[in-house]
Each structure stands twice: as C-alpha cells, then as structure tokens.
There are 2 protein chains.
Amino acid sequence: MAAYSAPLDDFKFLLHDWLKVTDNYQAMNKGDFDADLVNEIITQGAKFAEEVVAPLNLNGDNQGCRLEDGKVSTPDGFAKAYAEYIENGWNSMLGSEIYGGQELPYSAAIPVHEMLMSANVSWRLICGLTESAVLALEKHGSDELKDAYLPNLISGEWTGTMCLTEPQAGTDLSLLTTKADNNDDGSYNITGTKIFISGGDHEWTDNIIHLVLARLPDAPAGVKGISLFLVPKFMPDGSANDLSVGSIEHKMGLHGCPTCVMNFDGAKGWLVGAPHSGLACMFTMMNDARFQVGLQGVGIGEASYQGALEYAKDRLQSRAPQGIQEPEKKADAIIHLPDVRRMLLTQKSLVEGSRALGLLYAKQMDIARFGTPEEQANAEAIIAFLTPITKSFFTDMGQEVSQHGVQVYGGHGYIQEWGMEQHIRDSRITQLYEGTNGIQALDLISRKLVRDGGKLLSVTNELFAQMVSDIADGSSRDQASGILNDWHATAESLLGTDAVATAAKAYDFMQYSAYSLIAICWLSMADRAQTSGNALAQSKTKVCDFYLKRIFPRASAHKISLALDEHDLMQMTADEF
Amino acid sequence: MAAYSAPLDDFKFLLHDWLKVTDNYQAMNKGDFDADLVNEIITQGAKFAEEVVAPLNLNGDNQGCRLEDGKVSTPDGFAKAYAEYIENGWNSMLGSEIYGGQELPYSAAIPVHEMLMSANVSWRLICGLTESAVLALEKHGSDELKDAYLPNLISGEWTGTMCLTEPQAGTDLSLLTTKADNNDDGSYNITGTKIFISGGDHEWTDNIIHLVLARLPDAPAGVKGISLFLVPKFMPDGSANDLSVGSIEHKMGLHGCPTCVMNFDGAKGWLVGAPHSGLACMFTMMNDARFQVGLQGVGIGEASYQGALEYAKDRLQSRAPQGIQEPEKKADAIIHLPDVRRMLLTQKSLVEGSRALGLLYAKQMDIARFGTPEEQANAEAIIAFLTPITKSFFTDMGQEVSQHGVQVYGGHGYIQEWGMEQHIRDSRITQLYEGTNGIQALDLISRKLVRDGGKLLSVTNELFAQMVSDIADGSSRDQASGILNDWHATAESLLGTDAVATAAKAYDFMQYSAYSLIAICWLSMADRAQTSGNALAQSKTKVCDFYLKRIFPRASAHKISLALDEHDLMQMTADEF
C-alpha cells in the first residue's frame with residue numbers, strides 16, 4: 001500500500017503564488033498570519049496526517065466498528081489519534097476565540113482538512129462534523145447553550161453529530177416524524193429514530209452532542225414545521241440521556257466510522273434557534289458539511305492518484321511503444337505506456353483542478369468571516385453558488401479518480417491489501433450523503449440560479465472574470481475568456497426555465513459549470529506558475545494542456561444535453577421502463 | 001433487496017423480431033431449433049436463474065469463501081445449485097455432441113448466461129470458465145486428452161480453470177516463469193505459482209482441470225516460448241496431483257467465487273497443442289472468456305437497473321416538479337423526478353443497447369460454428385473485431401450502470417442489505433480480468449485495426465451497413481447511415497497510425513466505436529419494434545430517443561480526443577507527475 005505524502009508544494013503554490021492569501025489576510029486585519037505561519041500550519045498538519053492518521057486507514061477498513069452492550073468502539077488506534085489531534089489543537093483551528101478557538105483563516109485550515117481526508121476519511125469525518133456543529137451553534141444557539149457547549153466542542157473534548165435522516169425522510173425532510181414535547185422548563189423531550197448518524201456513538205470522548213431535527217406539537221406540516229434541538233449523550237449533571245444506539249449499519253465502505261441508528265426515547269434537548277426554523281439553522285451546518293464532503297472527494301482522489309503513480313513507476317510490464325525505456329530491466333515501468341498516462345493525467349488534472357477551485361472557495365470563506373459587511377455579502381453569494389458544485393462535482397470526481405486508481409493496478413487493484421479499492425468504497429458515500437449529488441445539482445440550477453434570478457451567478461461570474469483578466473498570457477487569457485463567456489451566457493439563457501425543464505437540466509448544468517470553471521482555474525494556474533517562476537511551472541502547464549484537450553471536451557457533451565427539453569426524459573410511462 | 005426477473009420479453013424481441021435467429025438456424029441446418037424451442041430454453045433458464053441462483057447472491061457476498069485444511073468451500077447453497085445446474089443439462093448446452101454436449105446455437109444459450117450473471121455472477125463465473133476450457137480443449141487437445149476430459153467437463157462433472165497470471169506477469173505474459181519439465185512419457189512436471197485463479201478449488205466437483213501456461217526447458221524467451229498444459233487436480237488413477245491452494249484472495253467483491261493462489265509443485269500435466277504455441281491455444285479460451293466477461297457487465301447492469309427501477313417506483317420522496325402525481329400519498333414516487341429518470345434511462349439504454357450488440361455477436365458465433373467455411377471466416381472476422389469492444393465497453397458500462405443504481409437509492413444504496421452496492425463491487429473486477437479494458441482497447445485499435453490493415457473493419461462495417469439498409473424508416477436510416485459512415489471514415493483514417501499514437505488513441509477509439517455501433521443498434525431496434533408491432537415498440541422508440549440525445553453525444557467528446565496527437569500525454573517527465 002502506498003504511503004500518503006501530503007502535496008505541500010501544490011498547497012503552497014495555490015495559497016501563495018495563485019491566491020495570494022496573505023495579502024487577503026492583511027486586508028482583513030489578520031496580518032499576523034504570514035506565509036511562514038501558514039506554511040508551518042500545513043507542514044505540521046501534513047506530518048500529523050502522514051504519520052498518525054494515514055497508518056490507521058487500511059486496518060480501520062478491515063476491522064470496522066463494533067457495537068457491544070450498547071457501546072460503539074472504533075478501530076484500533078482511532079481514539080488515540082483523536083486524543084493527539086485535540087491535544088495538538090487541530091480541532092480548534094476554526095472556532096471563535098471567545099470560546100477557546102484559534103480563528104485561523106479557512107484557507108490555512110482547509111489544506112489540513114484535505115490531508116486528513118486523504119489519510120483516513122473515516123477518521124476525519126467525525127472531526128469534521130463537530131466543526132459543522134460548532135458553526136450552527138455559534139450562529140443560532142442561545143448564549144446559555146453556547147457557553148455550556150461550545151468550549152468543549154471547539155477543543156474537541158466532545159464531538160457533535162447531525163441527526164436529520166429518518167427511514168422515510170431522506171431527501172425530503174418534510175416527511176420527518178421525530179417529535180419534541182415541551183417540558184415547560186426550557187427543555188424538550190425528543191422521541192424518534194434517526195438513521196445514518198455518523199459518529200452517533202464512539203469511545204473517543206466523554207460526551208457526544210447531537211443536533212436533532214424534530215417537530216414541535218403545534219408545528220405546521222412540511223419543512224416549515226421543523227425545529228433544531230441540541231441533545232447531549234450525557235446531561236449537564238452527568239446523567240445519561242434517554243437515547244441509545246439501535247445498530248451500526250453494514251456499509252460498502254467508510255468502515256472506520258460508526259454510522260448509527262439512533263433511538264431518542266424522550267431524550268432531553270434544548271431548542272437551537274427559533275421554533276420551526278430548524279431547517280435554516282441546520283443549513284448553516286449542512287453547507288459547511290457539504291463543502292467538507294466535497295473536500296473528501298479531493299482528498300480521496302489525491303490518495304488514489306498517489307497510489308496509482310507509485311505503482312505505475314514501479315510495475316514492470318511490457319515495453320513502451322515509443323521504444324525500450326529501461327533496457328537493464330525485463331520490461332518497462334507502466335508509466336511509460338500512453339494509456340496509463342491517460343489515466344494518471346486524468347486523475348492529476350481533476351484532483352489539482354478541484355483542489356484549486358476548493359481553495360478559491362476557502363478564500364471566499366475567509367472573506368465571508370473576516371471581511372467588511374459588503375465583502376461578506378459578496379463572498380457569501382459566491383459560496384452559495386459554488387457549494388453545490390464543490391459537493392457534487394468533487395465527489396463524482398473522487399469516485400472517477402478512484403476508479404482510475406484501481407485500473408492502473410490491473411487485477412491487483414481488486415485486492416484489498418493494496419488499499420486502492422478502498423478508495424472506491426470510501427468515496428462512494430460522498431456522492432450520497434449531505435444531499436445526493438442529484439439534489440446538489442437541483443439546488444444549483446433551481447435555488448441558486450433560476451429562482452435567484454441570476455444575482456448569485458453574476459457575482460460568481462465577476463470573480464472568475466477578474467481571474468481571467470489577471471492572466472498574463474494573451475492567448476491563455478483569450479481562451480479562458482471564451483470559456484467563461486460561453487458558460488455565463490449559457491447559464492443566463494437558463495433563467496426563466498420552468499420547474500420541470502430545470503430539474504431535467506440540473507445534472508448537465510452542474511457538470512458543465514464545473515468543467516468550465518475548473519478549465520478557467522487551470523488556465524489561470526498554469527499562467528501564474530509561469531510568471532511566478534514556481535517549480536511546478538512545467539507540470540502545471542502540461543497538465544493544463546491535457547485538461548483542456550482531453551477533459552474539457554466533456555463540457556461540450558453536457559452543453560448539448562442542456563439544449564434539450566425534457567421530452568425524452570418524461571415521455572416514458574412507468575410501465576414502459 | 002429486489003428479486004431478479006429475467007427480461008424475457010427483451011430477449012424474445014431481440015432474437016426473433018430483430019435478429020431473426022431461427023431463419024439463420026434453418027440456413028445452417030439447425031432448423032430443429034425453432035422459436036418455440038428457443039423460447040422454452042430461455043424460459044427454463046430464467047426460472048433456474050431466478051429461483052435457484054439469484055437467492056444465493058446476497059448471502060454469498062456476505063459469507064464469502066473459506067480455505068480450511070487446504071480445501072476451499074464456497075457459500076451455503078452454491079454447490080447444491082451447481083449440482084442442479086449440471087443435472088438439468090445447463091452446463092452442456094454448447095459442448096460438442098460427440099462428447100455428450102447439446103450443440104445449442106450460441107444465440108439460444110447466451111441469454112441464459114446473461115441471466116445467470118444477473119442472478120449471481122460469483123456462482124456463474126466458475127461455470128463459464130469450464131465452457132471456455134472446453135473450447136480450448138476441443139480445438140487444440142489431442143484425441144486422447146479430449147476423450148479423457150471433455151465428457152466430464154461438458155457434463156459439468158468436473159470444472160475447468162485458466163492459469164495464466166503470475167505475480168510478475170499479468171498483462172505481459174512474456175514474463176511468466178512457471179516451468180514444465182518433460183518426463184519423456186508424454187507427460188510434464190509443472191512447477192510454479194499462479195495467482196488470481198477463479199475457481200482454483202471448490203467443493204462442487206470431484207475433479208478440477210487446470211489449463212496452465214508454462215515454459216518448456218528449451219523454450220525461446222518471450223511469448224513465443226509459452227506452452228499450454230492440462231493439469232488435473234486428481235490424476236486419471238485417482239491419486240492427488242502435486243498442486244495446492246496457497247491462499248484465497250481478499251477481494252473488493254466477487255466474494256462467492258474463490259480466487260486462488262495455486263502452487264504447482266511438479267504437478268503432472270499434458271501438453272495441449274504444439275510446444276511453444278500455448279498462447280495461441282489459450283487465446284481460444286480467452287476470447288470466449290472475454291465475451292463472457294462482457295456479458296457479466298450486461299448481466300450485472302440489468303440486475304442493478306431492476307433494483308433501481310423497483311425502488312424508484314416504491315420510494316416516496318418530495319413532489320414531482322410537473323405537479324402532484326400521487327395525491328393520496330404524502331409524497332410522489334421518485335420515478336416521477338426528471339433526474340431519477342435520467343439515471344434510469346441511462347441504465348436502460350446502455351444495458352439494452354449492449355445486450356443487442358451482444359446478441360448480434362452471439363449470432364455471429366452461431367455462424368462461425370455452423371456456417372459454410374466462407375461464412376465462418378466472415379463471422380470470425382466480425383467476432384475478432386467486436387470481442388475487445390464487448391469485453392471493455394460492456395464492463396465499463398456495467399460499472400457505470402451499477403453506480404447509477406446505487407445513486408437512485410440515495411444513502412440506502414450504500415447499505416449492504418439492499419444489494420445495490422454489491423453490483424459496483426462485483427462488476428469492478430470485470431474491467432480488470434481477462435485483460436484490462438485498456439489492453440482490450442489496445443487490442444482493438446492495434447491488432448484488429450491498424451496492424452490488420454482494415455480488413456476486419458471492412459467486414460464489420462458491412463454487417464452494420466446491412467443493418468442500416470434494413471431500417472424501414474427513412475429518417476432513422478439516414479441517421480444510422482450518417483453515424484456508420486462517420487465511424488467507418490474515422491476508423492479508416494487511423495490506418496497507418498504509428499505505435500505511440502495508436503496506444504494514445506486506444507481508449508477513445510474503443511469508446512467512440514461502442515457508442516456509435518450501439519447507436520446504430522438502437523435505431524435498428526426501434527425501427528424493427530415498430531414494424532413488427534412488438535409490444536416493446538413504444539419503449540424501444542422512446543429509449544432510443546433518449547440514447548441518441550443524451551448518451552450518444554459522448555461519442556463526439558471521444559472523437560475530439562481521437563483527433564489529437566499523443567503530445568499532451570507524453571510530454572510529462574516522470575518527475576513532473
């Protein structure tokens with residue numbers, strides 16, 4: 001199994017040469033985060049990911065989680081690694097200073113997150129959900145709840161979960177039936193069953209804080225009758241709350257993360273935010289979680305690429321068609337074969353292109369947190385538009401890249417010990433949870449484009465237009481400009497589309513958008529790598545060339561489909577299927 | 001978990017309305033196989049697949065195989081189902097009559113094979129390999145070997161394996177080191193280790209017949225020094241041969257099939273075919289196995305489609321954008337959602353299109369076996385050209401279709417009990433074994449097109465040109481003609497391409513070819529369904545419309561890549577990756 005090695009050179013190039021994040025920090029009075037400090041954070045994060053977390057990944061998959069006597073235990077070493085994680089302060093990178101957090105810029109923390117996902121996505125998932133819970137609580141919780149729960153969630157003494165899904169209510173949360181009865185003392189009794197609860201129980205911490213969607217007795221039907229509650233595993237007085245783990249799911253992958261059925265049997269909880277506004281509160285958590293899930297796609301993709309690259313350099317098989325490459329050996333390494341290069345370059349161009357878009361997004365998260373109110377609003381608009389793209393495209397991409405990784409290994413890719421097939425299994429969940437990728441695509445075209453009337457589109461387009469105009473090379477600038485204008489005009493042409501056609505075009509629009517915006521990132525990156533004289537300049541230029549020639553044509557296939565009406569999808573009767 | 005139901009209506013439409021196979025049987029003096037008999041065979045095959053084999057699939061995956069005291073056991077029920085299979089004569093469908101076989105037309109047997117693969121691909125694999133071994137032995141074995149081994153292999157009393165791969169020799173068999181020492185009594189002693197041996201041991205039968213590639217002492221280096229040997233688990237006198245199972249592999253899927261490391265420790269074997277011509281002999285077996293692996297893609301794809309369709313009709317979630325569909329219920333079934341239809345139609349159009357091409361291939365197998373010498377040569381040319389396409393495209397397709405099947409289920413698709421994620425895991429091996437899909441693509445463009453000088457292409461093109469000219473509807477005929485001419489001209493333009501460019505274009509040419517030829521099959525099928533008044537006419541017409549609008553545009557993306565030279569693939573140095 002290939003050892004994970006964090007792509008620090010790429011992170012440094014993207015953060016400093018490409019995005020110039022420290023200029024942005026200075027503009028936002030976070031100037032103490034200079035390049036040296038950022039590099040030290042990601043270097044130490046890399047060390048932790050490589051040395052502590054990654055070595056647990058393969059065994060974590062084999063061993064899985066156990067539920068015994070109502071208690072969940074995770075694979076060997078997971079709890080110890082978590083203890084080291086919180087001791088080293090990695091859990092508190094983003095939390096507010098007043099509750100003990102470090103308030104690091106997102107763009108300095110996100111690379112560490114990606115590395116942890118490459119190293120061991122099952123392990124990372126629980127940490128990531130705690131961060132999302134912190135966000136929701138910071139934004140919507142009462143001062144009392146914040147004082148009582150935020151310090152320990154930010155330090156990592158306790159972890160958090162998101163309890164949304166029920167057997168009959170997944171995509172459609174309006175169908176959820178978990179109920180909350182008012183105890184008239186400020187607390188509520190929560191009763192119902194939640195499924196697919198990541199980290200619903202484990203042995204890592206003394207307490208686990210569940211954020212649970214439920215209905216008050218007087219709630220209107222549908223999603224406008226859902227409220228959010230904080231439900232701890234152990235009450236403030238130390239007594240156990242009335243909740244339990246029903247079972248842990250048997251999953252395709254993500255075996256190191258306990259995915260629990262949680263039974264709330266009149267468990268005591270407290271309202272977060274206003275009654276009946278739970279979905280809006282949960283969306284604070286979900287949007288963060290969606291981007292983090294997208295990052296899982298990038299992280300797993302990177303791990304698969306590294307595994308494939310190592311094998312392609314080592315595995316001797318056949319002679320290269322361009323002539324013998326390694327005459328002293330019985331065969332050439334397969335990296336010399338054009339079709340293996342096609343797979344490796346597909347992986348590399350998709351992972352690095354997605355990473356670039358992800359860090360561009362992280363920079364906007366910095367602005368949304370630390371900028372002026374006007375800057376914040378602008379950044380939030382871009383984040384709103386890009387969230388469904390990062391979640392869905394990055395995770396589909398992670399699956400595709402993992403598939404190539406297995407293929408490079410030939411039959412050995414199918415054998416568990418090599419660790420390559422695990423990436424397919426682990427990444428498969430990312431296309432499903434936090435809203436399936438189909439739902440993300442619908443969110444993008446429907447809520448973020450058509451129903452928004454094009455305002456988010458316009459702000460996002462401006463960001464990319466600025467990127468295009470910053471390209472030094474005229475020919476690259478023209479090419480990027482052409483791609484952006486084509487995309488923007490196509491997106492604008494969709495305004496006013498009716499609901500059925502919108503839904504029918506959703507997936508194609510998401511993919512067309514992602515391939516186009518990433519093409520612009522590639523042209524910008526390659527240009528900047530050249531002008532800044534970065535050591536990656538040759539690589540970036542050549543991978544950009546590959547992306548534009550062999551990956552970007554996929555955008556044209558999606559654009560063809562976008563021009564269709566929905567007739568061919570809807571004309572089938574159910575019986576004709 | 002959805003129960004498998006064999007698509008008998010589709011098979012009957014394809015065999016009778018579309019391919020008119022019984023006309024072909026009559027022309028080849030196999031007229032006793034009339035439509036009623038063919039339908040009876042596939043109906044009984046469906047019953048066996050649905051009732052006996054399919055119910056073992058989910059447990060087979062969970063339970064897996066065990067190696068204890070050197071003996072392999074397969075999951076509960078597998079051996080009993082096999083006993084019933086051979087008792088009912090399913091194993092002998094294709095074997096020669098003189099050795100006890102039934103000599104059924106391939107086009108009557110292949111549908112049964114596909115059904116068994118839908119039902120339980122792990123179970124089916126061992127049966128399929130025996131059939132491939134029979135072919136190799138029939139064609140290349142001495143009369144003595146044939147008399148001794150064929151009757152029991154054809155009846156299924158014994159099973160067969162293919163022993164090619166060694167740890168250092170997979171794609172590149174020239175590197176294999178297993179050796180054969182001549183005993184000067186007509187037998188050889190075989191020594192070496194083979195890996196990835198499907199069905200290397202099991203408890204189904206009293207004997208297992210291994211076909212093993214090895215080198216004679218005087219063998220030239222490379223693939224021209226490889227010979228093929230028949231090595232039985234038990235010798236004709238009943239004593240155990242000197243071979244053993246080293247281990248069974250831990251695989252991503254296909255858990256019900258024991259994939260063995262086989263150690264040959266001076267095991268006694270007999271030469272099949274001439275010395276040093278083992279690879280040619282093995283290719284008889286491999287070509288059959290390659291098409292069968294392609295069928296696995298179709299079979300698994302069908303199973304995934306059926307599972308997704310059932311769930312899409314049952315699962316109530318949200319309201320359809322075109323208006324409430326099921327007012328009496330709290331939500332509409334998700335089959336009414338346009339994006340779910342996109343996934344289901346992608347599955348259906350790819351599976352049914354591939355099945356059509358597969359049965360077209362099966363009809364050519366009939367001709368290659370029972371036709372006049374001239375007809376045989378023509379059919380063999382078509383088979384040679386289409387084999388790498390059916391193997392690689394059908395299996396990539398099976399993976400894609402299985403991915404959509406999981407996606408339709410949302411989070412539930414990730415849970416093992418639903419059986420949907422198993423299709424992803426089981427189908428993943430089909431893209432790897434019997435030559436990776438990259439190797440298939442290279443075989444197509446290099447051996448079957450460029451080095452052949454276009455002769456196989458020409459014969460294949462004629463077959464499709466006939467199909468096009470048979471289309472009754474003028475507009476459909478024109479469209480099909482345009483697609484065929486474009487494909488043929490593009491393929492011809494590749495003649496003379498040098499080795500590096502050929503390798504660089506391989507994958508795109510394979511996919512471009514498959515999407516184009518299947519588009520022609522769809523236009524022909526939809527037309528024939530209309531003119532023959534088949535009950536599937538509406539469905540075929542609408543799915544054809546979907547395929548042409550939303551799937552076929554992928555061909556244009558591959559065509560764009562085909563026009564590229566290899567520069568963008570080859571300019572990267574190994575260090576720049």
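This is a predicted model: local features need pLDDT of at least 70, side-chain atom pairs count only at pLDDT 80 or more; totals for chains, interfaces and linings use all residues.
Let's begin with the pair as a whole. How are chain A and chain B related? Turning by 180°, with 0.0 Å of shift along the axis, superposes chain A on chain B, and the RMSD is 0.0 Å. That is the relation of a two-fold axis.

Now for the place where the chains touch. Chain A brings 76 residues to the contact, and chain B brings 76 residues too. On the chain A side, 36 of the residues are nonpolar, 20 are polar and 20 are charged. Which surface does each copy use? The copies meet through the same surface, because 100% of the interface residues of chain A are also interface residues in chain B.

Who does the touching here? From H13(A) we have Leu457(A), Asn461(A), Phe464(A), Ala465(A) and Val468(A), and from H14(A) there are Arg477(A), Ala480(A), Ser481(A), Leu484(A), His488(A) and Ala491(A). Sorted by class, this contact has 7 nonpolar, 3 polar and 1 charged residues.

Over in chain B, here is a pair with another angle. Helix H1, residues 8-18, and helix H15, residues 499-531, have axes that come within 10 Å and cross at roughly 80°. That makes H1(B) roughly perpendicular to H15(B). On the H1(B) side, you can pick out Phe13(B), Asp17(B) and Trp18(B), and they meet Met525(B), Arg528(B) and Ala529(B) of H15(B). The class count for this contact is 4 nonpolar, no polar and 2 charged residues.

While we are in chain B, let me show you Leu548(B). You will find this leucine in helix H16, residues 537-551. Is Leu548(B) buried or exposed? Leu548(B) counts as buried, because there are 20 C-beta neighbours inside 10 Å, and a residue is called buried at 20 or more. Setting aside residues up to four places away in sequence, Leu548(B) touches Ala519(B) and Trp522(B). Trp522(B) is 26 residues from Leu548(B) in sequence, while their C-alpha atoms are 8.4 Å apart in space.

Let me finish with two backbone angles in chain A. Phe196(A) is not a glycine, yet its phi is positive, at about 60°. This phenylalanine belongs to strand S5, residues 188-198. Phe196(A) is buried, with 26 other C-beta atoms within 10 Å.

Ser318(A) also has a positive phi, near 70°, in a residue other than glycine. Where does Ser318(A) lie? Ser318(A) is in the loop between helix H8 (278-314) and helix H9 (338-370) of chain A. With 19 other C-beta atoms within 10 Å, Ser318(A) is partly exposed.

Definitions and conventions. Residues are numbered from 1 along each chain as its sequence is written. Chains are lettered from A and ligands numbered from 1 in the order in which they are written. Axes are lines fitted to C-alpha atoms, for helices over the stretch in contact, and angles run from 0 to 180 degrees between N-to-C directions. Helices (H or I, at least four residues) and strands (E, at least two) are DSSP runs, numbered from the N terminus. Angles under 35 degrees count as roughly parallel, over 145 as roughly antiparallel, 65 to 115 as roughly perpendicular and the rest as oblique. Two residues are in contact if their C-beta atoms, placed from the backbone, lie within 7 Å. Ala, Val, Leu, Ile, Met, Phe, Trp, Tyr, Cys and Pro count as nonpolar, Asp, Glu, Lys and Arg as charged, and the others, Gly among them, as polar. Copies are superposed by least squares on the C-alpha atoms of residues with pLDDT of at least 70 in both. A residue is buried if 20 or more other C-beta atoms lie within 10 Å of its own, exposed if 12 or fewer, and partly exposed in between; C-beta atoms are placed from the backbone.
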